[in-house]
Amino acid sequence: LFERGHGTGIASDQQVRNAAFSDEVLRGNNSEALQISGNRIVVLRLKEHIDPQTKPLEEVRDQIMATLNHQAARDAAQALGEKLLADLDAGHDLSEQLAENGLTWIEAKFYHRNDGQLGRVILQELFKSTKASEKARGIELADGDYALAKMTAIKDGDPASLSDEQRQVLKDQQQRARGNSEYTAWIKALKNSAEISLFERNI
């Protein structure tokens, strides 16, 4: 037995689990042939299926408490972050509030797009900016933390500083992106111009 979202052995393969829980297999039919790792082919047929069941409260109590505590911490972090952001926009000095909550500012400096010193979510959000702003923004992070950040200056990259290898990598990325875009447009054009007939008796 394995779950829809987790399994071991061949069931660790997502396509195997998708096929196992498909309507076709659950009705008792064989799945289509699936090619998994290496040169192995798998065909699935239902042996046993157990409907989802509610676990006893005692079994999941700790998990529920951990989830509730985590959500409460996320809510508190967001509420504090939004208050600090509002006070900052109003021109208030945040020194006392930061000290009370054990928070500090990270020194403003230039970061490149893939800098490991800042979280990926913060970098992605800040690099959406096309110009520096006087206003800070609140950013909710995946782990429940809440960050305040402000883009104070933007420095354009210097193409002359790139090595030949870096230039080639960028060129390859642009070519792949252009190729993918052209392929997608071609497929869309084919679908729009195609005449498709469905013969249900043959299905």
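Predicted model: local features only at pLDDT ≥ 70, side-chain atom pairs only at ≥ 80, totals over all residues.
Local features were considered at pLDDT of at least 70 and side-chain atom pairs at pLDDT 80 or more, while totals for chains, interfaces and linings use all residues. Residues are numbered from 1 along each chain as its sequence is written, and side-chain values use heavy atoms, without hydrogens and water.

A search of the whole structure gave two aromatic pairs. Rings of Phe, Tyr and Trp (its six-membered ring) pair if their centres lie within 6.5 Å; planes under 30 degrees apart are stacked, over 60 edge-to-face and the rest tilted. Phenylalanine 2 and phenylalanine 21 form an edge-to-face pair, with 6.2 Å from centre to centre and 80° between the planes. Phenylalanine 2 precedes helix 1 (14–20) and phenylalanine 21 lies in the loop between helix 1 and helix 2 (23–26), so the pair ties together parts that are 19 residues apart in sequence. Helices (H or I, at least four residues) and strands (E, at least two) are DSSP runs, numbered from the N terminus. Phenylalanine 2 is partly exposed at 34% relative accessibility, whereas phenylalanine 21 is buried at 17%. Buried means under 20% relative accessible area, exposed over 50%, and partly exposed in between (1.4 Å probe, protein chains only).

The rings of tyrosine 183 and tryptophan 186 have centres 6.0 Å apart and planes at 45°, so this pair is tilted. Both residues lie in helix 6 (residues 164–193), three residues apart, about one turn of the helix. Tyrosine 183 and tryptophan 186 are both exposed. Elsewhere, the charged end of lysine 155 sits over the ring of phenylalanine 110, 4.5 Å from its centre (the criterion is NZ of Lys or CZ of Arg within 6 Å of the ring centre and within 35 degrees of the ring normal).

Pockets were examined next. A pocket is an open set of points on a 1 Å grid over the protein atoms alone, where a 1.4 Å probe fits, with protein on both sides within 12 Å along at least five of seven lines; lining residues have an atom within 4 Å of a point. The largest pocket holds about 1,400 Å³ of space. It is lined by 41 residues, of which Tyr111, Leu118, Leu126, Ala149 and Lys150 are the closest to its centre. Helix 3 (57–89), helix 5 (120–126) and strand 4 (146–149) each give two or more residues to this lining, and helix 3 has the largest share, with six. By class, the lining has 25 nonpolar, six polar and 10 charged residues. Ala, Val, Leu, Ile, Met, Phe, Trp, Tyr, Cys and Pro count as nonpolar, Asp, Glu, Lys and Arg as charged, and the others, Gly among them, as polar.

The second largest pocket holds about 660 Å³. Of its 19 lining residues, Leu1, Phe2, Glu3, Phe21 and Ile50 are the closest to its centre. The lining comprises 10 nonpolar, two polar and seven charged residues.

Aspartate 87, in helix 3, is buried with a relative accessible area of 14%. A polar contact of 2.9 Å joins its side chain to that of glutamine 97 (a pair of N or O atoms within 3.5 Å; within protein, one must be able to donate a hydrogen and the other to accept it, and residues adjacent in sequence count only if both atoms are side-chain atoms). Leucine 123 is found in helix 5 and is buried, at 6%.

Terms used: Points joined across faces, edges and corners; volume = space filled by probe spheres on them.
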